Amino acid sequence: MYPQTLTIELAKYGKKPTGNVEWDQAILHTLRCRDSQKTAPWLEMDKLVNAAMIESEKARINAQNLSDPNIYQAHVNFWLFVANEIVLKPQNRRFEIDEHNKDVLRFLLYYFNGCQLAEEVFPDRGYKLHKNIMLQGKKGAGKTLLMQIFSEYLLRTKNPRYFVNVSVTQMVNHFSLYNNIDLYTYNEEGSKGFMIKPHHLCLNDIGVENRPFYGIDTLTVVSDFLHARNELWANQAITTDRKFAHLTTNLDNAKLTTMFNAKDAFGRLVDRFKTYNVIPLTGESRR
C-alpha cells in the first residue's frame, strides 16, 4: 500500500505521487536537500516519469473495461456476431460454445482486451497478459477458426492487439519465392530508418509436415521465425509496445520439444516457449 505520509510530504513541494514508492522517496529526499544543482537532474527525470504515467493512464482509459459484466457481455455478443455473420456465414455454419471452448473464449476475450481477469480464468496455469498465445489441440478442434474470429473481432473493435493470421504453408511459400521471411519477422521493407514495423500475427499449424525446399526445410523456416519473433517480443519492456506472435499447433509439449530440439540441440527455442500461454483446446474435430 502506498504510504499516505509520503503523499502529504510530496504535496508540500507541489508534487503528486507517481505511485512508485522508491522513486517518490528519492524525489522527496532530493527536494529536501535544497541544493539546486543536485535537484535539477532529478526533476528533469521526474518529468519523464510523469509523462510515462500519463501515457500509461491514457492506455488504461482507452482499454475496454471487460471487468464490467455488462461490457463483457456486449463483447461476447459482438464476438459471436463476427463469428456467425462474417467468418462462418459463407459456410452456412454457426459457432458452437461448449465445455471445450467456453473458458478459452472467456480467457481470450479478457486477454486481448488487456483485462487482468484473464489471469484468473485458469488460476493454476500461470497465464499472463504479457505473454503470447499458443493454442494446442487435435486437428479440427477449432484452433485456427478461433484465431480467425478473434482477428476479425479485434479489427472491427479497433483493438491495438489486432493480429494477422498466417499459415506455415503460406510462410514457406513466401520463402520459396523471395528466399526470406522478413515480411513475417521484422518487416524491414516497411521500416523508416532503423525503425522496423513488424505486425502482430498468428502463425497457424506449426509442426506440419517438414517439407524440404532447396536444402531448407519447413522446420528451419519456422525455427528462424520463432527466434526472430521472440527477440522482438523480449526487447520491448512495455507490454503495449510488444509485438506478439501467437501460435496454433496439433502437437503437445512433448512432441514440440522433440521436433524443435532436433534443430536446436541447446534447447534455447524450446525454452522460449515459456513466453507463451500454452492453452489446450480439447474436443474432437468440428469439421
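Visitor: What makes Lys138 and Glu284 a salt bridge?

Guide: This is a predicted model. The closest N and O atoms of Lys138 and Glu284 are 2.8 Å apart. The cut-off is within 4 Å, so the pair counts as a salt bridge. Lys138 lies in the loop between strand E1 (132–136) and helix H7 (143–156), and Glu284 in the segment after strand E7 (276–280), so the pair ties together parts that are 146 residues apart in sequence.

Visitor: Why is Glu284 called exposed?

Guide: Its relative accessibility is 53%. Exposed means over 50%, so Glu284 qualifies. Lys138, at 49%, is partly exposed.

Visitor: How do you know that Glu44 and Lys47 form a salt bridge?

Guide: Their closest N and O atoms are 3.3 Å apart. The limit is 4 Å, so the pair counts. Both residues lie in helix H3 (residues 36–62), three residues apart, about one turn of the helix.

Visitor: Why is Lys47 called exposed, and why is Glu44 called partly exposed?

Guide: Lys47 has a relative accessible area of 55%, and Glu44 has 44%. Exposed means over 50%, buried under 20%, and partly exposed in between. Therefore Lys47 is exposed and Glu44 is partly exposed.

How values were computed: Residues are numbered from 1 along each chain as its sequence is written. This is a predicted model: local features need pLDDT of at least 70, side-chain atom pairs count only at pLDDT 80 or more; totals for chains, interfaces and linings use all residues. Side-chain values use heavy atoms; hydrogens and water are left out. A salt bridge is a side-chain nitrogen of Lys or Arg within 4 Å of a carboxyl oxygen of Asp or Glu. Helices (H or I, at least four residues) and strands (E, at least two) are DSSP runs, numbered from the N terminus. Buried means under 20% relative accessible area, exposed over 50%, partly exposed in between (1.4 Å probe, protein chains only).
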